Amino acid sequence: MERWIETERLILREYVEADWKAIHEYASQEEILVYENWGPNSVADTKEFIQNALKLKEVVPRTSFELAIVLKEENRLIGGCGFRFDKQEAHKGNLGYIINPSYWRMGYAKEATNALIQFVASELSVKTIEATCDVLNLASQAVLKHCGFFRIRLIKQHFEMKGRIRDTFVYEKNT
């Protein structure tokens with residue numbers, strides 16, 4: 001994917017090495033990562049994420065798209081989103097997103113998610129997209145519902161993370 005995905009306010013593009021500082025601004029904040037099974041990141045963790053994202057874009061055939069979410073007007077990285085193909089089903093995959101908390105409640109997660117859905121449906125022929133969400137993460141649940149996902153199941157006691165056992169909702173959208 002050499003071209004960018006563009007929306008009214010955002011550009012979704014491949015990561016570059018210099019992005020690590022903007023990513024680390026949110027990836028190192030323990031309080032916003034309470035629903036994530038990763039983080040808070042050290043500088044080395046964030047730089048390793050960038051290196052992995054750069055390697056993944058070189059894999060042929062491509063199985064994963066990790067993209068920076070950039071505000072058009074400011075050319076500022078405010079988050080990330082990604083899509084990963086399912087290993088068993090060719091026309092299926094999962095997506096995720098994260099937004100710097102300085103940019104929460106502005107509709108950027110919905111805008112980026114809808115753009116990513118449109119891209120994977122039209123350019124990659126994806127028919128079914130899944131997303132998972134901590135049952136306590138009400139904001140992420142709202143984004144998924146707004147983007148047309150339906151909750152299809154609950155995984156009780158899915159895994160242990162950060163001192164608690166996480167229950168996970170699984171959402172699905174057919175394109």
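Leaving aside neighbours within four places in sequence, isoleucine 165 is in contact (heavy atoms within 4.5 Å) with Gln157, Phe159 and Glu160. The structure is a predicted model, in which local features need pLDDT of at least 70 and side-chain atom pairs count only at pLDDT 80 or more, whereas totals for chains, interfaces and linings use all residues. Residues are numbered from 1 along each chain as its sequence is written, and side-chain values use heavy atoms, with hydrogens and water left out. Isoleucine 165 lies in strand 8 (residues 164-174), where helices (H or I, at least four residues) and strands (E, at least two) are DSSP runs numbered from the N terminus. With a relative accessible area of 45%, isoleucine 165 is partly exposed; buried denotes under 20% relative accessible area, exposed over 50%, and partly exposed the range in between (1.4 Å probe, protein chains only). The C-alpha atom of isoleucine 165 is separated by 25 Å from that of arginine 84, a residue 81 positions away along the chain.

The chain as a whole has four helices and eight strands, which run β-β-α-α-β-β-β-α-β-α-β-β from the N terminus on. Its radius of gyration, 16 Å, is close to the 16 Å given by the globule rule for 175 residues, so the chain is as compact as a globular protein of that length; the radius is taken over C-alpha atoms, and the rule is 2.2 Å times the number of residues to the power 0.38. Taken along the principal axes, the C-alpha atoms fill a box of roughly 40 × 35 × 30 Å. Of the 175 residues, 45% count as buried, and among contacts with a separation of 6 or more, 59% are accounted for by residues 24 or more positions apart.

Helix 1 (residues 20-27) is mostly covered, six of its eight residues being buried, namely Trp20, Ala22, Ile23, His24, Tyr26 and Ala27. These buried residues pack against helix 2 (43-56), strand 4 (76-85) and strand 5 (92-99). Over the ring of tryptophan 20 sits the charged end of lysine 47, 4.5 Å from the ring centre, the criterion being that NZ of Lys or CZ of Arg is within 6 Å of the ring centre and within 35 degrees of the ring normal. The charged end of arginine 151 likewise sits over the ring of phenylalanine 169, 3.8 Å from its centre.

For helix 3 (residues 108-123), the 16 residues should span 22 Å, in agreement with the 22 Å between the end C-alpha atoms; the expected span is 1.5 Å times one less than the number of residues. Buried residues of helix 3 include Tyr108, Glu111, Leu116, Ile117 and Phe119, and just after the helix serine 125 takes a positive phi of about 60 degrees.

Rings of Phe, Tyr and Trp (its six-membered ring) pair if their centres lie within 6.5 Å, with planes under 30 degrees apart counted as stacked, over 60 as edge-to-face and the rest as tilted; by this rule there are five aromatic pairs. In one of them, phenylalanine 65 and phenylalanine 119 have ring centres 5.7 Å apart and planes at 70 degrees, so the pair is edge-to-face. This pair links distant parts of the chain, with phenylalanine 65 in strand 3 (residues 64-71) and phenylalanine 119 in helix 3, 54 residues apart, and both residues are buried.

A search of the whole structure finds zero disulfides, a disulfide being a pair of cysteine sulfur atoms within 2.5 Å. The sulfur of cysteine 147 is 11 Å from the closest cysteine sulfur, in cysteine 81, too far for a bond. Cysteine 81 counts as buried at 3% relative accessibility, and cysteine 147 is also buried, at 3%.
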